[in-house]
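Have the viewer open as you read.

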Amino acid sequence: MRKTRLIVVALMRLNLIAHAYTYGGLPEGATMRLEKGTIVEMQYSPDGSMLAVATLMGIWLYDTTTLAEVDLLDDNRLWALTLAFSPDGKSLAAGSLEGDVRLWDTRTGKLRRILTGHTSVVNSVAFSPDGKTIASGSHDKTARLWDAGTGKLRFVLSGHSGPILTVAFSPDGMTLASCGWDSGTRLRMWDVKTGNSQRILNRRFSGVRSVAFHTGGNILAIGTGYSNVQLWNPKTGEYVHTLTGHAKRVYDVAFSPNGKKLASASADNTVRLWNMSTCELEHILTGHPETVGSVAFSPDGRTLASGSRDGTVLFWELAPPLIVDALVGDVNGDRLVNLADLASVGQRIGETGDSDADVDGDRVVNIYDLVHVAGAIGDAKPSADTLAASSFSAAEVEGWLNQARGLDLTDPKTQRGIRFLERLLSGFLPKKTALLQNYPNPFNPETWIPYHLAREVGVAILIYDTKGTLVRRLALGYRAAGYYADRGRAAYWDGRNEDGESVASGVYFYRLRAGDFAASRRMVIVK
């Protein structure tokens, strides 16, 4: 196993002891400690600027640059069991022992509203990827879905026979997973739009305290009381694999931002890092003297924070192989993410097992991987020349886009990828229909006639001699909007007339008819 550097951070009354340390440059052995008891859950803000820590004595925020307390939240001294940032980082939700969900504005620290309705402890809260819905799971055996904007209750999800300890949204925001201490402990999947039960996984899990969806949506990790992490396909309900090695109950699981790693925290006082491409153990992180109850990856994937019952937070500086988020989508390894990577994934959709094109690490190359690459390319819009040289067509891009839209993806990363595909497709579409010069010209005996179409239309090429007599009609049928310039797409004339006879040397004229558009050009046959 590769070496991972440990940065020990404990906090004294939420203030630094003697030093101010820079994030990412903390000296080994630096010691700070929380005097607020058991750390129940931790979350990084989406921009990585803050770390929120929930304890049985309140919620505390730290600046990740200085590790100093950020005293922002009003009325935060509640017994908090769970917390979650909204995707835009502007809100923080927390569930309490009092049975309510509290929502703060992180910019002002003001308590925005309190969501009431549960009749017992709220054990878990989560924001949907689009930030519009909050889910909560409670000891009252129900999960609830709330409108994040208004605080109104949307659905009460009933069906569990015991306390619900964990809830999690799928990456597309369409499904909610819930689990806890049922009789037999069943994991349930819910339709977020209707509140209806979708599926119950046919397995007993024993006291599940944490579940996490893989970034690709095809794997659900379940930390169990059997001292292992089980992997399931949430879309089919099929069992995938079990990660074994912990000696006691697993309290928390979390995927790295790029989906290539899974962290698991356990009552055996360790954190384990798993490679999701191989499902093999990569690191055992030791240093906590008591149960590790929570783990959280920083948004850039460079740091893993782990929190313990003894009140300590350890920050692990991950080895370089884990620091890949800046180049997520670099399929060909050239340290760039561009159309070449997009084409590589597009050509390999359907591959299973280990594959460089499997960007999200779920061992299947699919539209999720392609959308992740598209989102990583950025805001650029390729030029017509670049697109003409690419190894895919407008039709392929349109197919990818339709698949992605059909999945109703709502998280920011995949939405960015969909927007890039839209720009990419628009780059394939000319602003005007045009007829271009044939090539080669002069020619003998064959030539190609290029053209551009601004919209889908019926296309025909008419070839005349100098007397205006029709020599040949090339009926091309309906063509989608796009560039028909290369030899695989341009109109082809073999230098023969309608009777199949070779025409004589001389000047000829060709005319494009595309709907109400018409244009003519001159060409020469030399024999």
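## A residue in a loop

Leaving aside residues up to four places away in sequence, Asn 497 touches Val 471, Arg 472 and Val 503, where contact means heavy atoms within 4.5 Å. Its place is the loop between strand E34 (491-493) and strand E35 (506-514). Helices (H or I, at least four residues) and strands (E, at least two) are DSSP runs, numbered from the N terminus. Asn 497 is buried, with a relative accessible area of 17%; buried means under 20% relative accessible area, exposed over 50%, and partly exposed in between (1.4 Å probe, protein chains only).

A word on the ground rules: this is a predicted model, in which local features need pLDDT of at least 70 and side-chain atom pairs count only at pLDDT 80 or more, while totals for chains, interfaces and linings use all residues. Residues are numbered from 1 along each chain as its sequence is written, and side-chain values use heavy atoms, with hydrogens and water left out.

Helix H1 (residues 339-347) is largely enclosed by the rest of the structure, because 7 of its 9 residues are buried. Those buried residues are Leu 339, Asp 341, Leu 342, Ala 343, Ser 344, Val 345 and Gly 346.

Helix H5 (residues 412-428) has 17 residues, which should span 24 Å at 1.5 Å a residue; the expected span is 1.5 Å times one less than the number of residues. The end C-alpha atoms of H5 are 25 Å apart, which agrees. Among the buried residues of H5 are Phe 420, Leu 421, Leu 424 and Leu 425.

## Charged pairs

Side chains of opposite charge can pair when their charged atoms come close. The structure holds 8 salt bridges, each a side-chain nitrogen of Lys or Arg within 4 Å of a carboxyl oxygen of Asp or Glu. One of them joins Lys 261 and Glu 282, at 2.9 Å from N to O. Lys 261 lies in strand E22 (residues 261-266) and Glu 282 in strand E24 (residues 280-286), so the pair ties together parts that are 21 residues apart in sequence. Both Lys 261 and Glu 282 are buried.

Arg 112 and Asp 105 meet in another salt bridge, at 3.2 Å from N to O. Here Arg 112 is partly exposed at 32% relative accessible area, whereas Asp 105 is buried at 11%. Together with Arg 107, Asp 105 and Arg 112 are linked in a network of salt bridges.

## Rings and their neighbours

How many aromatic pairs are there? The count comes to 6, taking rings of Phe, Tyr and Trp (its six-membered ring) whose centres lie within 6.5 Å; planes under 30 degrees apart count as stacked, over 60 as edge-to-face and the rest as tilted. Phe 443 and Trp 493 form an edge-to-face pair, 6.0 Å centre to centre with 65° between the planes. Phe 443 lies in the loop between strand E28 (434-435) and strand E29 (447-449) and Trp 493 in strand E34, so this pair ties together parts that are 50 residues apart in sequence. Phe 443 is buried at 2% relative accessibility, and Trp 493 is buried at 0%.

Ring pairs also link Tyr 439, Trp 448 and Tyr 492 into a cluster. Arg 487 lies over the face of Trp 448, at 4.0 Å from the ring centre; a charge sits over a ring if NZ of Lys or CZ of Arg is within 6 Å of the ring centre and within 35 degrees of the ring normal.
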